[in-house]
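Okay, thanks for coming, everyone.

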Amino acid sequence: MSAYFRQVCAIVKKDVLLEVRSRDRITAMGAFAVLAGVLFNFSIDTTTTRPQDVAAGLIWMTLIFGGLLGVGRTFHLEAQDGAFQGVLTSPVPKDAIFLAKVIANFTLLYAVSLLVLGVFALFFSLDIGPNLPWIMVILALGSLGFVALATLFAAVSTGTTMGETLLPVLVFPLLVPMVVFGVGSTGRLMNGRPFDEVEGNVRMLGAFAFAAVAAGAVLFRYVVED
Amino acid sequence: MWPGTRRDCTYVSPSAIYAATGVDTNAPTESPTLEAIGLVREYGPVTAVDGVDLSLDTGEFLTIFGPNGAGKTSLLGMLAGATRPTRGEVKISGLPISLSEHDWRSKVGILSHRGFLYARLTAEENLRFYGELFGLDDISDRIAEHLERVGLADRARFEVRQLSHGMRQRLSLARALLHDPDVVFLDEPYTGLDPSAAGLLRGVLNELKDGRRTVVMVTHNLTEGLQMATRVAIQVGGRFVWEQDASDIDFAGFERQYHAVVEARS
């Protein structure tokens with residue numbers, strides 16, 4: 001195993017272990033997802049609106065707001081007892097730290113996104129069966145892009161006095177392309193349209209996700225260095 | 001294109017240059033083990049460290065004393081590569097951090113007054129995590145050895161949050177020494193320790209004076225700091241205002257001397 005991969009694995013394993021033990025973020029995100037699904041269910045008049053027409057947008061909004069709850073706290077656990085300083089002063093490339101954080105946060109958010117999908121499918125009686133694998137792929141790409149940007153900016157906002165308040169202000173404007181392509185493709189697939197119709201959107205979503213990861217890996221060093 | 005520039009330039013990393021030219025970055029050099037040149041650290045209008053020069057060879061143990069706000073922790077942060085200097089440079093065995101960050105950081109161990117430990121991981125898991133980051137091969141053996149060394153072998157499976165402050169401090173020391181660093185930085189290691197824990201820490205620090213390492217310690221504890229040191233410096237207002245070999249110091253009168261120096265320079 002290369003040294004780089006070994007260091008990435010060590011940080012991912014540590015982050016997952018800390019989350020399993022504390023369950024702080026997964027509980028907050030999971031509870032938010034379920035409650036948002038319930039509230040949205042009551043907020044829509046099904047006599048005038050078809051649930052499958054609005055479900056995609058609501059799923060993505062729930063994912064983004066819920067994701068901020070969890071990913072925004074990425075560096076709070078690290079800040080306790082200065083542990084992150086210990087990581088930064090070890091011989092780990094900064095991009096390896098970023099990639100590890102993205103992988104750990106992606107694991108967490110993707111689990112929550114599948115929960116969100118299940119909750120909305122239940123409350124909105126969505127028939128997503130035939131296109132479920134593609135919807136899961138789209139949610140994975142969206143989660144990856146979101147996590148890359150949110151992790152980078154969580155590192156920025158943690159070091160400021162405004163903290164988590166600043167995070168949405170920094171991240172939301174950059175999420176517009178992801179929301180446009182994500183909601184567009186998810187909505188059509190939920191309405192039973194074929195994948196060919198949304199293939200372009202999915203490609204753009206994938207490009208956005210990988211561009212966000214690459215940019216984050218390059219910029220992370222400048223964010224965390226004192 | 002500007003005269004003298006080439007379009008076909010290829011970036012070659014310093015590590016690759018060392019490998020191609022046969023330079024071993026771990027080989028002993030004529031340069032001092034730790035060298036600081038004109039270190040300055042500014043926080044906005046405040047100058048925390050104001051032009052510190054330092055040169056330490058292997059086997060030297062420098063203790064830095066100074067009042068609160070003298071810039072000791074800022075200086076230690078820069079020496080240890082945790083904080084970027086506003087101006088100046090730190091070299092380890094002649095290498096600046098910018099040339100080979102991986103090798104540079106592998107040679108450094110830091111004991112901060114913050115423990116760098118994860119409260120919800122066990123003592124063993126914390127050490128294993130840092131062992132993986134430092135790319136150690138024999139992690140399990142080293143963990144057992146270092147936990148034994150700091151008297152925490154029976155607490156290996158305790159989460160850090162279940163340990164007392166003194167135990168955490170000892171575990172932090174084990175973490176700092178796990179990769180057998182050439183240069184060790186200690187920031188207030190005696191803070192909050194009871195006499196028994198301080199004695200244990202003293203024993204481990206004495207082991208560091210094995211002639212293979214360079215140690216820099218910042219402390220307010222004059223007695224402990226003097227006992228360990230081969231060189232002593234007093235920092236006031238971001239500068240070294242007094243520096244001497246420990247062998248030339250009158251231990252009995254040092255406290256009076258220290259206060260006189262600090263008051264004169266404050």
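Before anything else, one term: a residue is buried if 20 or more other C-beta atoms lie within 10 Å of its own, exposed if 12 or fewer, and partly exposed in between, with C-beta atoms placed from the backbone. Helices (H or I, at least four residues) and strands (E, at least two) are DSSP runs, numbered from the N terminus. And bear in mind that this is a predicted model: local features need pLDDT of at least 70, side-chain atom pairs count only at pLDDT 80 or more, and totals for chains, interfaces and linings use all residues. Residues are numbered from 1 along each chain as its sequence is written, while chains are lettered from A and ligands numbered from 1 in the order in which they are written.

So, chain B. We've got 9 helices and 10 strands there, and of its 266 residues, 43% are buried. Call two residues in contact if their C-beta atoms, again placed from the backbone, lie within 7 Å. Of the chain B contacts with a separation of 6 or more, 71% are between residues 24 or more positions apart.

Let's start with helix H5 of chain B, residues 139-149. Which of its residues are buried? Those are B:Arg142, B:Ile143, B:His146 and B:Leu147. They sit on the same side of H5(B), because they cover an arc of only 125 degrees around the axis; that arc is the one made by the directions from the helix axis to the C-beta atoms. Remember the general rule: an α-helix has 3.6 residues a turn, so residues three or four places apart point the same way. Over on the other side of H5(B), B:Ser140 and B:Asp141 are exposed. The cover over the buried residues includes H4 and H6 of chain B. And just after H5(B), B:Gly151 has a positive phi of about 70 degrees.

The axes of H4(B) and H6(B) come within 9 Å and cross at roughly 25 degrees. Axes here are lines fitted to C-alpha atoms, for helices over the stretch in contact, and angles run from 0 to 180 degrees between N-to-C directions. That makes H4(B) and H6(B) roughly parallel: angles under 35 degrees count as that, over 145 as roughly antiparallel, 65 to 115 as roughly perpendicular and the rest as oblique. From H4(B), B:Ala123, B:Asn126, B:Leu127 and B:Tyr130 meet B:Leu171, B:Ala174 and B:Arg175 of H6(B).

H6(B), residues 165-177, has another partner in H7(B), residues 195-208: their axes come within 10 Å and cross at roughly 10 degrees. So this pair is roughly parallel too. Among the residues making that contact are B:Leu173 of H6(B) and B:Leu200 of H7(B).

Last stop, the other chain. The contact takes 24 residues from chain B and 22 from chain A. On the chain B side, H4(B) gives the largest share, 4 residues.

And where is B:Arg120 found? In the loop between strand S6 (108-111) and helix H4 (123-133) of chain B. B:Arg120 counts as partly exposed because 19 other C-beta atoms lie within 10 Å. Leaving aside neighbours within four places in sequence, B:Arg120 contacts A:Leu18, A:Arg21, A:Ser22, B:Glu159 and B:Arg161.
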